[in-house]
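Work through these exercises with the structure open beside you. Try each task before you read its solution.

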Amino acid sequence: WDMIGGLFPGAPLILHGAGPDLGWAFTVNKPDLVDVYALEVDNAKKPTRYKFDGEWREFEIRKVKFRVKLFGPLSLPVTRKAKKSVHGPVFVTDNGVFAVSYAGADDIRTLEQWYKMNRATDYVEWRDALSMLAIPSFNVVYADGDGIIAYYYNAALPIREADVDWSKAQPGDDPALLWRGTRKLNEVPQVVMPRSGYVVNANHPPFAASGPEDSPQSENFPAHYGVDQRTTNRGFRIQALYGTDPSITSEEFVAYKFD
């Protein structure tokens with residue numbers, strides 16, 4: 001196992017870096033991976049049932065144990081009942097009862113995906129690992145010794161109704177508004193072996209991941225995909241440096257990176 005790179009404290013493997021054959025790096029992206037549903041319930045303060053598809057349903061209930069810090073080294077063990085609907089976890093608030101759907105729910109394969117990326121020896125093996133989409137988000141750029149370069153808007157994008165304003169809470173009784181799984185890796189914005197010869201990302205959207213003729217087009221990814229659109233200053237600057245220089249030396253590459 002031969003890699004060098006970066007991690008967060010406690011991570012048991014390299015999160016991004018390089019080995020003898022290939023390397024990759026992540027930047028933060030901001031896909032819309034969370035939706036909220038307003039529930040009709042039998043009791044606004046202490047609900048036991050919610051309306052779904054014209055019928056009343058019982059909440060799935062389980063006990064959750066945690067500790068509440070008091071002062072100094074002292075804490076108090078607390079047990080609470082957690083509610084869940086067909087959408088996801090349920091929250092009883094002063095403004096109503098809401099359920100939340102979020103990407104990655106109940107998926108514990110994140111470290112498995114990272115391990116497979118660590119052990120990959122070529123692009124095919126690395127892409128197979130990435131296709132698990134068990135890492136719910138992050139932009140990722142890739143390069144290997146065979147000269148393959150790629151960019152992926154890695155995101156576990158939910159499959160949801162197209163003609164809905166998902167920035168608002170949706171009615172929780174409509175079965176048509178439930179998520180219908182996750183889009184595959186080949187459906188997310190991506191650039192592989194671009195003619196312009198480069199891929200870049202500085203926490204900006206995927207629509208400037210390479211040259212203008214190679215970057216994904218925003219009109220191919222409608223609002224319900226949840227792809228973020230707001231470009232960062234670093235996103236503008238990285239294109240102004242790498243994107244306008246047709247021949248970049250090693251020294252220029254490093255100078256641009258630290259601009």
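A nonpolar patch is made of residues with over 30% relative accessible area and no salt bridge, where nonpolar side chains are joined within 5 Å. Keep in mind that this is a predicted model.

**Exercise 1. The nonpolar patch**

Solution: 
1. List the members. Phe 66, Val 68, Leu 70, Phe 71, Leu 74 and Leu 76 form the patch. Together they have about 560 Å² of accessible area.
2. Look for the elements behind them. Strand E7 (60–71) and strand E8 (74–84) each give two or more residues to the patch.
3. Check the cut-off. A patch residue needs over 30% relative accessible area. Leu 74 has 44%, so Leu 74 is partly exposed.

**Exercise 2. The whole protein**

Task: State how many helices and strands the protein has, and what share of its residues is buried.

Solution: 
1. Take the elements. The protein has 4 helices and 14 strands.
2. Take the extent. Along the principal axes, the C-alpha atoms fill a box of roughly 65 × 50 × 35 Å.
3. Take the burial. The protein has 259 residues, and 38% of them count as buried.
4. Take the surface. The accessible surface is about 15,200 Å², and 54% of this area belongs to carbon and sulfur atoms.
5. Take the contacts. Consider those between residues at least 6 apart in sequence: 54% of them join residues at least 24 apart.

**Exercise 3. Charge on the surface**

Task: Count the positive and negative side chains, then name the residues in the patch of negative charge.

Solution: 
1. Count the charges. There are 29 positive and 33 negative side chains.
2. Compare the centres. The centres of the two sets lie 12 Å apart.
3. Name the patch. Asp 53, Glu 55, Asp 173 and Asp 174 gather in a patch of negative charge on the surface.
4. Asp 173 is in the loop between strand E13 (170–171) and strand E14 (190–192). Asp 53 is in the loop between strand E5 (49–52) and strand E6 (55–58).
5. Asp 173 has a relative accessible area of 32%, so Asp 173 is partly exposed. Asp 53 is also partly exposed, at 49%.

**Exercise 4. Positive phi**

Task: Decide whether the phi of Asp 53 is positive or negative, and do the like for Asn 203.

Solution: 
1. Start from the general rule. Most residues other than glycine have a negative phi.
2. Read Asp 53. Its phi is near 55 degrees, a positive value in a residue other than glycine.
3. Read Asn 203. Its phi is about 65 degrees, also positive, although Asn 203 is not a glycine.
4. With a relative accessible area of 27%, Asn 203 is partly exposed.

**Exercise 5. Salt bridges**

Task: Say how many salt bridges a search of the whole structure finds. Then work through the pairs Lys 51 with Glu 40, Lys 116 with Glu 112, and Asp 214 with Arg 195.

Solution: 
1. The search finds 12 salt bridges.
2. Take Lys 51 and Glu 40. Their side chains meet at 3.8 Å, N to O. Lys 51 is in strand E5 and Glu 40 is in the loop between strand E4 (34–39) and E5, 11 residues apart. Lys 51 is buried, at 18%. Glu 40 is partly exposed, at 41%.
3. Take Lys 116 and Glu 112. Their distance is 3.3 Å, N to O. The two residues are 4 apart in helix H1 (residues 110–119), which means a separation of about one helical turn. Lys 116 is partly exposed, at 39%. Glu 112 is partly exposed, at 38%.
4. Take Asp 214 and Arg 195. Their closest N and O atoms are 3.5 Å apart. Both residues lie in the loop between E14 and H3, so the pair ties together parts that are 19 residues apart in sequence. Asp 214 counts as buried, at 14%. Arg 195 counts as exposed, at 69%.
5. Finish with a network. Salt bridges link Asp 32, Asp 35 and Arg 160.

Terms used. Residues numbered from 1 in each chain as written. Predicted model: local features only at pLDDT ≥ 70, side-chain atom pairs only at ≥ 80, totals over all residues. Heavy atoms only, no water. Buried < 20%, exposed > 50% of the residue type's maximum accessible area, 1.4 Å probe, protein only. Contact = heavy atoms within 4.5 Å. Areas by Shrake-Rupley, 256 points an atom, 1.4 Å probe, with all protein chains shown as cover. Lys, Arg positive; Asp, Glu negative; His and termini not counted. Charge placed at Lys NZ, Arg CZ, Asp CG, Glu CD. Patch = residues over 30% accessible without salt bridge, like charges linked within 9 Å, V, L, I, M, F, W, Y side chains within 5 Å. Salt bridge = Lys/Arg side-chain N within 4 Å of Asp/Glu carboxyl O.
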